[in-house]
Amino acid sequence: MEVDQQQPAPAEQSNAQSENTQTPTAQPESVATPQQTPAPTPASENTCDQCNKHFEKLLRCGKCKVVRYCSADCQKKAWPQHKLVCGKKVEPPQARPVPSKEIEEDEEEENVKYTEDGKKIIEIAAAPPQKPDSHYHFDPAGDSVVYDLMQDDSVWLVLLRRTLGFVDKDGVPHRPFIVMLFEIAPRNGLRTREIVLDHRIGRLPHPGYVYKILIKQMKLSNDLMQQPPHRPKSIIFTSKYLFGHLKQVLENLRIIPKFWTEEENQGYGDQYVELFSKHMRKKGFTESNNSHKPGLLQIAGVGRRLVAGMYSAAAEYYKNKNWQHFQVRDILQVTWLDETWYFVTTRKEDFTQVLGIIQEENWEELVAILKTGVRKTLAEDVPGAYHKMTIYTEELAIPFQDLADIDKWSFEIADLKPGSTCWPFPGCFRTLDNSNLFRPTRAELWWLEVGLRTLNHIVKEFAQQPKAVPNPEQGEQAEQAETSWKQKFIDNELPITLENTSENRIHVKVKLIHV
């Protein structure tokens, strides 16, 4: 064992040799017995994890370097249980199906009301009232009652997810957070879940609110799992935000905090959110025509790297307001390797009434779209008889699966404020009517990213360069100075390098076609 002090224990060197000859799960290492002192201030660093007595100096486990003991005897007594979690990542079991009666129990908690237009709305009685953040502040030293509770070897998992849509008591559609607390070892089950209605889009539940959920569960007896009030051995988070804010207070309660990535979590708990969301949809759940379209990650051959690159490029495009530097008649030709595509920017003031970019492999078809709103070729049986677009819209117009993936993998969105219309929606259209929208292929999605990054690069390197202050007396000359940077690209292919795409660095040739 390693000594958790600057001065090493007398038996530290002699134990080093035996450590190499013993397996971690066989016999616990021998430790030196530190000198006991009377009743220091309670703190996790000064408390033996086995006997719960306080010491001035303690030794910690040489493998996990987390739990601490006062002597070799206490370590030996704790070893049969501690070896189950020592230095190991507890693998979650496969997500169990949620029995329908678990969800139907929500009926007793809900009061169904109606908006003026006759839509059902749902008010969750269990939702916390709107209170200032100061209400959720907590003592970093922890709860004194919980500190003295018995501790078993259970492992809890805290998941922070968002339901796929909702109508609150004011009839406003939004997606509330759901905090789920599972026990994943040695038992497997959902301990509790809380719907957080008083937090809107872009604002996570306060760590103090989640902390109070955990403390409440520790103090309660769980008849279903046949457990008295107790402290779990470890609590795992998949949210870095919650883990970072609650790590210290859990350690002070002698609970081991851990962080799992979503890869390590393996989708545990997602099935419950999906079933719960379906249940809410039956009661007035807000959804759009595109809610059940497949997500980008469900497209054949598409991985998280490409989707992350797409969202990153779209966020930069929106933040820099690149559309302000182009007219709808400015067609951008982009060539990479032996493939060429054409792009045009749109805005709400144009005929499209949407903000975004349109992509076509034939510039004449693109001109037809700009003039009439439809392609020349519209036959259903003609491959490629559609145009590709990345449009910006409101959150609830985005497919549910994309929303879930954005939350789960933290894909970049330009503005998360309520009511923002900066959510990118890559799709394919045979006309500008959204009713026949379908998702792009992997190659088409990649080219949509290339188009966005090309526009981002041109605006950053050329259009946003400092310009001379125009003289009102110059009139037309000042207006020409504003568009002079475009002359570099008109009828002249200019090579540029795009950094940080989902395929790393690529070299493209760009030309501007003015129609």
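Which residue in E12 does Leu332 stand opposite? It's Phe343, and the two strands around that spot are a handy way into this predicted model. Here, local features need pLDDT of at least 70, side-chain atom pairs count only at pLDDT 80 or more, and totals for chains, interfaces and linings use all residues. Residues are numbered from 1 along each chain as its sequence is written, and side-chain values use heavy atoms, with hydrogens and water left out.

Strand E11 (residues 330–336) and strand E12 (residues 339–346) run antiparallel and are joined by five bridges. Strands (E, at least two residues) and helices (H or I, at least four) are DSSP runs numbered from the N terminus, and two strands pair if DSSP finds at least two bridges between them. In general, strands of a sheet pair through backbone hydrogen bonds, either parallel or antiparallel. E11 and E12 belong to an open, antiparallel sheet of seven strands, ordered E15-E14-E13-E12-E11-E17-E16. Strand E15 (423–429) and strand E16 (494–501) sit at the edges, each pairing on one side only. On average, neighbouring strands of this sheet are turned by 30° against each other, direction ignored.

Helix H12 (residues 442–463) lies across E11, E12, E13, E14, E15, E16 and E17, running at about 110° to E16. Contact here means heavy atoms within 4.5 Å; axes are lines fitted to C-alpha atoms, for helices over the stretch in contact, with angles from 0 to 180 degrees between N-to-C directions.

The structure also holds 15 aromatic pairs. One of them, Trp336 with Trp447, is edge-to-face, at 6.4 Å centre to centre and 70° between the planes. This pair links strand E11 to helix H12, with the partners 111 residues apart. Rings of Phe, Tyr and Trp (its six-membered ring) pair if their centres lie within 6.5 Å; planes under 30 degrees apart count as stacked, over 60 as edge-to-face and the rest as tilted.

Most residues other than glycine have a negative phi, and most peptide bonds are trans. The peptide bond from Ala185 to Pro186, though, is cis, with omega near -5°. Pro186 is found in the loop between strand E7 (177–185) and strand E8 (189–196). Arg254, which isn't a glycine, has a positive phi, near 60°. Its place is in the loop between H6 and strand E10 (256–259).
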